[in-house]
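Please open the structure in your viewer and keep the selection tool at hand.

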Amino acid sequence: MELRHLRYFSAVAGTLHFGRAARRVHVSQPTLSQQIRQLEEELGTPLFERARSGVRLTQAGELFRSYASRALEDVNAGMVAVGALRGLTTGALRVGYPPSMRGVVIPALAAVLRRHPGLALSAEEAVVRRLERRLVDGKLDVGLGYAPARSLDLEAEPVFDSRLALVVARGHPLAAGESVGARQLVDEPFALLTSGLRVRARVDAWFSAMRLVPRVTLESNAVATVLAIVRAGLAVTVLPEPRLADAEKLVVKRLTPAPRSELAALLWRKGAPRTPAADLFAAEVRARAQERGE
């Protein structure tokens with residue numbers, strides 16, 4: 001049995017589709033099928049049920065999957081340790097973050113890549129609940145979310161206060177004052193992050209407390225889309241301040257009364273070794289928080 005057999009098996013077990021699994025591991029489907037048959041012959045039992053309706057794990061396949069996953073995790077951990085000795089000239093960094101925090105993640109990742117261009121970076125943008133699951137499953141090295149973490153398997157290291165603020169285009173009538181009150185927003189069109197995102201729940205809670213029903217003209221799960229509409233002068237928005245990736249033509253204003261803030265945090269899997277690349281990314285996030293006096 002060779003390492004490739006475990007990787008091919010895990011790919012098929014994860015997709016339950018030989019074609020998609022072959023593309024994931026960058027081999028042809030006949031090659032993948034042949035390798036799986038070799039593995040089944042060595043184990044002396046089928047690992048998959050193959051039918052027109054699809055592919056399913058057999059009872060033996062389900063049992064073997066846990067051991068194969070554990071073996072691959074151990075191999076990956078060994079590769080991480082070797083990568084640390086090589087001074088980050090190679091290796092990977094997998095970061096997860098919610099859409100509202102892309103403004104702090106992207107500069108931190110850029111700083112890491114400038115210092116270590118040999119690293120392969122992966123940035124996954126998703127809701128915090130999914131990011132926490134991915135961290136617990138070992139699919140991410142470090143994440144950004146909130147403290148405390150929902151999962152007991154994660155450690156949360158607070159790094160800055162996540163404060164909501166109004167964002168408007170330059171030249172907008174509300175851009176002139178020091179702060180903006182709720183009554184000034186009654187007739188404004190809003191572009192907001194999609195319902196179901198944690199930031200949107202905070203925004204809705206503030207509107208509710210102000211007894212204000214916003215006129216929402218656009219909803220999107222992409223911060224960039226929301227900001228593009230605001231930048232064009234077609235709407236205003238409420239987002240965590242000042243975590244914007246591109247504020248060139250935007251103005252950030254304080255809201256009064258001030259919405260409740262939350263603690264943004266670095267998230268780590270308890271007991272898991274922290275990779276040097278993840279530590280470097282975390283240091284960049286902390287440094288940016290300190291520069292802003294947070």
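Two aromatic rings of Phe, Tyr or Trp are taken as a pair if their centres lie within 6.5 Å. With that rule in mind, select Phe-9, Phe-18, Phe-48 and Phe-64, which form one aromatic cluster. The model is a predicted one, and by this rule its count comes to 5 aromatic pairs.

**The aromatic pairs**

Keep Phe-9 and Phe-48 selected and show their rings. The ring centres are 5.5 Å apart and the planes stand at 45 degrees, so the pair is tilted. Phe-9 belongs to helix α1 and Phe-48 to strand β1 (residues 48–51), so this pair ties together parts that are 39 residues apart in sequence.

Next select Phe-190 and Phe-207. Here the ring centres are 5.2 Å apart and the planes are at 80 degrees, so the pair is edge-to-face. Phe-190 lies in strand β8 (residues 189–193) and Phe-207 in helix α7 (residues 198–209), so the pair ties together parts that are 17 residues apart in sequence. Both Phe-190 and Phe-207 are buried.

**The whole chain**

In a cartoon display, look for 9 helices and 12 strands. Of the 294 residues, 44% count as buried. Among contacts between residues at least 6 apart in sequence, 72% join residues at least 24 apart.

**Helices α1 and α2**

Select residues 3–15, which are helix α1, and residues 18–25, which are helix α2. The two helices pack at an angle of about 135 degrees, and their axes are 8 Å apart. That angle makes α1 oblique to α2. Their crossing is right-handed. Which residues of α1 and α2 make the contact? On the α1 side, show Arg-7, Tyr-8, Ala-11, Val-12 and Thr-15; on the α2 side, show Phe-18, Arg-20, Ala-21, Arg-24 and Val-25. By class, the residues of this contact divide into 6 nonpolar, 1 polar and 3 charged.

Between these helices, select Leu-16, which is in the loop joining α1 and α2. Leu-16 has a phi near 55 degrees, a positive value in a residue other than glycine. Its relative accessible area is 37%, so Leu-16 is partly exposed.

**Helices α5 and α9**

Move to helix α5 (residues 102–115) and helix α9 (residues 276–291), which pack at an angle of about 130 degrees with their axes 9 Å apart. The two are therefore oblique to each other, and α5 passes α9 in a right-handed crossing. To see where they meet, select Val-105, Pro-107, Ala-108, Leu-109, Ala-111, Val-112 and Arg-115 in α5, together with Leu-280, Phe-281, Glu-284, Val-285 and Arg-288 in α9. This contact has 9 nonpolar and 3 charged residues, with no polar ones.

Where are cis peptide bonds to be seen? Select Ala-147 and Pro-148: the peptide bond from one to the other is cis, with omega near 0 degrees. Pro-148 is placed in the loop between β5 (142–147) and β6 (154–169). Then select Thr-256 and Pro-257, which are joined by a cis peptide bond with omega about -5 degrees. Pro-257 lies in the loop between β11 (250–256) and β12 (262–269).

Proceed to Arg-129, in helix α6 (residues 128–136). With a relative accessible area of 49%, Arg-129 is partly exposed.

The tour ends at Arg-211, in the loop between α7 and β9 (215–220). Its phi is near 55 degrees, a positive value in a residue other than glycine. Arg-211 has 81% relative accessibility and counts as exposed.

Terms used: Residues numbered from 1 in each chain as written. Predicted model: local features only at pLDDT ≥ 70, side-chain atom pairs only at ≥ 80, totals over all residues. Heavy atoms only, no water. Axes fitted to C-alpha atoms, helices over the stretch in contact; angles between N-to-C directions. Helix = DSSP H or I, 4+ residues; strand = E, 2+ residues; numbered from the N terminus. Parallel < 35°, antiparallel > 145°, perpendicular 65-115°, else oblique. Left-handed = near helix turned anticlockwise from the far one by under 90°. Contact = heavy atoms within 4.5 Å. Nonpolar A, V, L, I, M, F, W, Y, C, P; charged D, E, K, R; others polar. Phe/Tyr/Trp six-rings, centres within 6.5 Å; stacked < 30°, edge-to-face > 60°. Buried < 20%, exposed > 50% of the residue type's maximum accessible area, 1.4 Å probe, protein only.
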